Structure formats: structure tokens, C-alpha cells
Amino acid sequence: MNSQHTLPLSPSDLFEKQLKTSISWRKSAAEERILRLKKLRDWIKNHQKDIQSALWIDFSKPAPEVDLSEVFPVTSEINHAIKNLKSWMKPKKVATPLPMIGTTGFIKAEPKGRSLIISPWNFPFNLTVGPLVSALAAGCTAIIKPSEYSPNTSKLIVRMIREIFEEEEVAVFLGETSVATELLALPFDHIFFTGSPAVGKIVMKAAAEHLSSVTLELGGKSPAIIDQSANLEDAVQKIMWGKFVNCGQTCIAPDYILIQEDLKEEFVMRAKVQLQTYYDPKFKGIELSPDYARIINQKHFERLRNYLDDALEKGGKIEFGGNYNASTNYLEPTLVSGIREDMILFQEEIFGPILPIITFRELSEAILLINSKPKPLALYFFGTNSKPMDQVIRETSSGNLVINDCVLHFLHNELPFGGVNNSGIGKAHGHEGFLAFSNEKGILKQRVGYNNVTLLRPPYGIKAKQIISSLIKWF
Ligand code: NAD
């Protein structure tokens, strides 16, 4: 029986209790960590139905979407870590620069120690357990604070952690901001936060107090550029899925479309057909689709309705959708054109099923617009011509860049995932996730009785000065 059933400790007591474990885990072998990861994987596989039903209760998330976007990314992350952990943990010998001749240098990834994971509600299982996989692979203990907005998934996470771990290894605290604030006051060795840029700043300020390192996985407006050379059918199929999966509540969903002016009408026409095909093939209304989730709560539903009302008041045009049902937090997939700079849709991260369409004449205008805003978490380019493609790669900055697809990069274990500045600090997934929770310790080994600067010690004679000059000149 797990001690988490009997000992409800305060955050600071539990943090204290994790110290001993974190020190003993410093020397943990790959096999030991792999065992923990396997236990986690087995639990997830054995409770897939529970995960589906928790997410269904939280925001009517369809079971196939749960499997694809909550379960698979985590099990795949675990499998990838299990496969690569020995090689990630192996000390890596580095080349010896000439002035260091005779020494050996290597890098050893050691666990940072006690970690804190704070997660959001939009992919509440994936974005809580994914970072935990990296923490466990790196050999860190963890305290988790999931979101209060997805309470059923959060409760399931508590159950899972209690069934697998002792609380001095991994523990969960449920609650609102006050709980996060209490946890953030503790001197964690690493804080992994996923959420909004506004709260990211609060987390970073709290971390600065103890100089805790941070990974901040934040949000923002991720544009999708549709170039003249794009295959529109392909682009529409991918964007209509990437935008409206999870009811648009995806940090890397295309936030707005930037499309070459003369392609807009065809894009809209194709998008309408595609949305009908995905969510309403029998013309009974998208609201009845079993494959379309709901907005997480009334607060976010009202926020999105306000965005839409604001756009309509300022001359925006609904090209598709716009219907809603406030009693169920249903908001139809909605395409809006006629976007102006003073609209909230243009300014704020949308994080819901509303897709603004903005046109441009020259690609340089689209690039100028993107560069005038904070650097996005993801940038999508649809086009087959290498010249505009290269121009976008060279002239923009974003956490990730995806060409002729969207959202998919989240599932690529070999690519660093994350933002840049306002959209995030540090990277996650695979080896990058492991490194986020590790201290890469540089180790230098010298031979006894030998020192590379023997001739350079005081008193500095002419010879020492000559050697120093040549060091500067040649190295
Ligand atoms: P949020 O920032 O409001 O909340 C995230 C977590 O922080 C929750 O657990 C919440 O309880 C906690 N929190 C809230 N206020 C806090 C405070 N003042 N002090 C300490 N903790 C606090 O974000 P959200 O609404 O849950 O999620 C939506 C945001 O997250 C969007 O901006 C989205 O783009 C971003 N996001 C980013 C990623 C990514 O991987 N980069 C993934 C998902 C979501």
C-alpha cells in the first residue's frame, strides 16, 4: 500500500521528504529508471478507458482524440525514453583542445533533483504526464500541480500517481492558483510549466527567487501561411483538422491564416466542404457530431463569444459557423474574414474554434506581420515553391516551423518542442526533455604531476608572456 493514502503532507513537508529520494536517485541506473517508466506505461495502457471517460466528462473530448492526443504521445514518449535512456545517460567524451592536451573531458547528465510540474487543462493528461516521463528518465523526483479546469482528469492523475509511486518519489497537489503559489515558493531544482505567457512570467519570477531553472511551454498566436504555390486541397484538409481538433483548444493550433489574396475564396469554399466532411457528413448539424469536443468551461466559452462579437461589431464577416449553444459550451467551427488590427481576434491568442483569415499580396507583407508580433510557438507554411519556403525559414523566428502540415511536430520525438521568448523558454520531448531535467556536468580529468599551465605561473617571466601571446594568437 502506498503511503500517499495515509499521509496528507503540506507542500513544504513533502518537498522536504523528497530531498532524500532525490539524492539517492542521483545514482540511479538506467534499469531502475526504465522500471519506473514501464510501470507508468503499463498503468496508462491498462486504464485507457478511464482516461477516455475522464476527458469525456471534462469537455466531451472524443475517445479517438483522447487516444491520439493524450495517450499515444505519452506512451510514445515513454517508449522513446526507454529505448534511448542508456545512451542519454552515458558520459560523453569530448574532443581535447590543444592547450588542454593530456587531459580528458566528458559530460555527464546528472538529475537536477526535485522538480515541479505545473500543467494546463487543454491536454490535461498528455501535458502533465509527458513532462513527468522526462523527469523520471532524468532521475528527478516530481511534485505535480495539474489544472483545476479539468478536474476529472486531474483526479485520475492523482489515482495513477498514488498507485505507482510513493509520495517521496512523485506526488500530486490539486487546487487553484493558491496551491501553485505555495509550491512556487519552494526552492525546486527545476520547474516545468505549461500554460499561458502571463502565468509563465509569474512562474519565472518565483523561480528567480531561488534561481531554479525553468522550462516554460507557453502559447501565443501561431500563424499558417498559405503561399501561391500551395496545394489548397492538402492545406485545407490539414488545417481544418489541426485547428478544430480539441475544439481549437490547442497551443499549437493554427491561430490565424495568412493567405495570398487571390486564393482566399477557394480556400473558404474548400474549408466549408472539409468541415462538413469531418464533422457533419450526414448534414445533421455539427453539434451532433460525436467527433467534436466542447469548450472547457463557461468562462472560456464567454471569452470566445466576446472575441466573435467584437469582430462582428468591427466589420468582420463569418464565412462559416458562428452558431453556439451556451448551455453545453458548444461553439461551431467558425471562419472569420475581414479582420482588422483593432479586433481581439487579431491581438490575442484565440485558443478556441475561431479561425481568422487574413490576406496578403506579397509574402513579405505576411512576414512583416508575423515579425511585428511576439515570436510564435509554431509557424506553418503551406507551399511547394522552395523560394518562399526558404524566405520564411530565413526571415522568421518561431519555436517550431512546419512545412505543409500543422500540429504534427508535437509527435516527433527527435525534434525539440517548445517556444521562443514569449511562446516559451527551453525545449521539451525526447532527449531535449531529458536534458531539461538534467544538469550537464562537465568533468575534466587531469594526470597527477602534470599541469597545462605550469609554465604560466607567477612570477611571470618572458617565457610565460611569450606562451600566453601565442595562446591568444593560435587558439
Ligand atoms: P494558465 O496559464 O492559466 O494555467 C496553467 C497552470 O498554471 C494551471 O495549473 C493553473 O492552475 C496554474 N496557474 C494559473 N494562474 C496561476 C498563478 N497566478 N500562479 C501560479 N500558477 C497559476 O493556462 P491554461 O489556461 O491552463 O492553458 C492555456 C494556455 O496554455 C494557452 O496560452 C496555451 O497556448 C498554453 N499552452 C501551451 C502549451 C505548450 O506546450 N507550449 C501546451 C498547452 C497549452
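This is a predicted model: local features need pLDDT of at least 70, side-chain atom pairs count only at pLDDT 80 or more; totals for chains, interfaces and linings use all residues.
The side chain of Ser-398 reaches the backbone oxygen of Asn-400 at 3.0 Å. That counts as a polar contact, meaning a pair of N or O atoms within 3.5 Å; within protein, one must be able to donate a hydrogen and the other to accept it, and residues adjacent in sequence count only if both atoms are side-chain atoms. Residues are numbered from 1 along each chain as its sequence is written, and side-chain values use heavy atoms, with hydrogens and water left out.

Back to Ser-398. It sits in the loop between α14 (386-395) and β16 (400-403). Helices here are DSSP runs of H or I with at least four residues, strands are runs of E with at least two, and both are numbered from the N terminus. Ser-398 has a relative accessible area of 18%, so it is buried. The cut-offs are under 20% for buried, over 50% for exposed, and partly exposed in between, with a 1.4 Å probe and protein chains only. Leaving aside neighbours within four places in sequence, Ser-398 is in contact with Pro-376, Leu-377, Ala-378, Leu-379 and Val-420. Contact means heavy atoms within 4.5 Å.

Next, the domains. The protein is divided into domain 1 (11-218 + 426-439) and domain 2 (223-413). Those bounds come from an automatic or database domain assignment. Taken over C-alpha atoms, the centres of domain 1 and domain 2 are separated by 30 Å. Domain 1 gives 22 residues to the contact, and domain 2 gives 22 residues.

Now the ligand. Which residues come nearest to the ligand? Of the 28 residues around it, they are Lys-145, Glu-148, Ser-196, Leu-218 and Glu-349. A residue is near if one of its heavy atoms lies within 4 Å. The shell draws at least three residues from each of domain 1 and domain 2. By type, the shell divides into 16 nonpolar, 8 polar and 4 charged residues. In that count Ala, Val, Leu, Ile, Met, Phe, Trp, Tyr, Cys and Pro are nonpolar, Asp, Glu, Lys and Arg are charged, and the others, Gly among them, are polar.

A polar backbone atom of Glu-217 is 3.5 Å from a nitrogen atom of the ligand. A nitrogen atom of the ligand also lies 2.6 Å from a backbone N or O atom of Leu-218. On its own the ligand has 840 Å² of accessible area, and the protein covers 90% of that. Areas come from the Shrake-Rupley method with a 1.4 Å probe; for residues, only the protein chains shown count as cover. The elements giving two or more residues to the shell are α7 (177-184), β6 (190-194) and α8 (197-210).

Two lysines next. Lys-61 lies in the loop between α3 (48-59) and α4 (63-89). Is Lys-61 buried or exposed? Its relative accessible area is 0%, so Lys-61 is buried. The side chain of Lys-61 makes a polar contact with the side chain of Glu-70, at 3.0 Å. Not counting residues up to four places away in sequence, Lys-61 touches several others, including Trp-56, Asn-122, Phe-123, Asn-246 and Ala-293.

Lys-373 is in the loop between α13 (363-371) and β15 (378-382). At 18% relative accessibility, Lys-373 also counts as buried. A polar atom of the Lys-373 side chain lies 2.7 Å from the backbone oxygen of Phe-346. Outside four places in sequence, the contacts of Lys-373 are Lys-221, Tyr-256, Phe-346 and Gln-347.

Last, some backbone geometry. Most residues other than glycine have a negative phi, and most peptide bonds are trans. Cys-247 is not a glycine, yet has a positive phi of about 55°. Cys-247 is in the loop between α9 (232-244) and β9 (256-260), and it counts as buried because its relative accessibility is 0%. Asn-421 has a positive phi too, near 55°. Asn-421 is in the loop between β16 and β17 (424-425), and at 47% relative accessible area Asn-421 is partly exposed. The peptide bond from Pro-458 to Pro-459 is cis, with omega near -5°. Pro-459 lies in the loop between β18 (438-445) and α16 (462-474).
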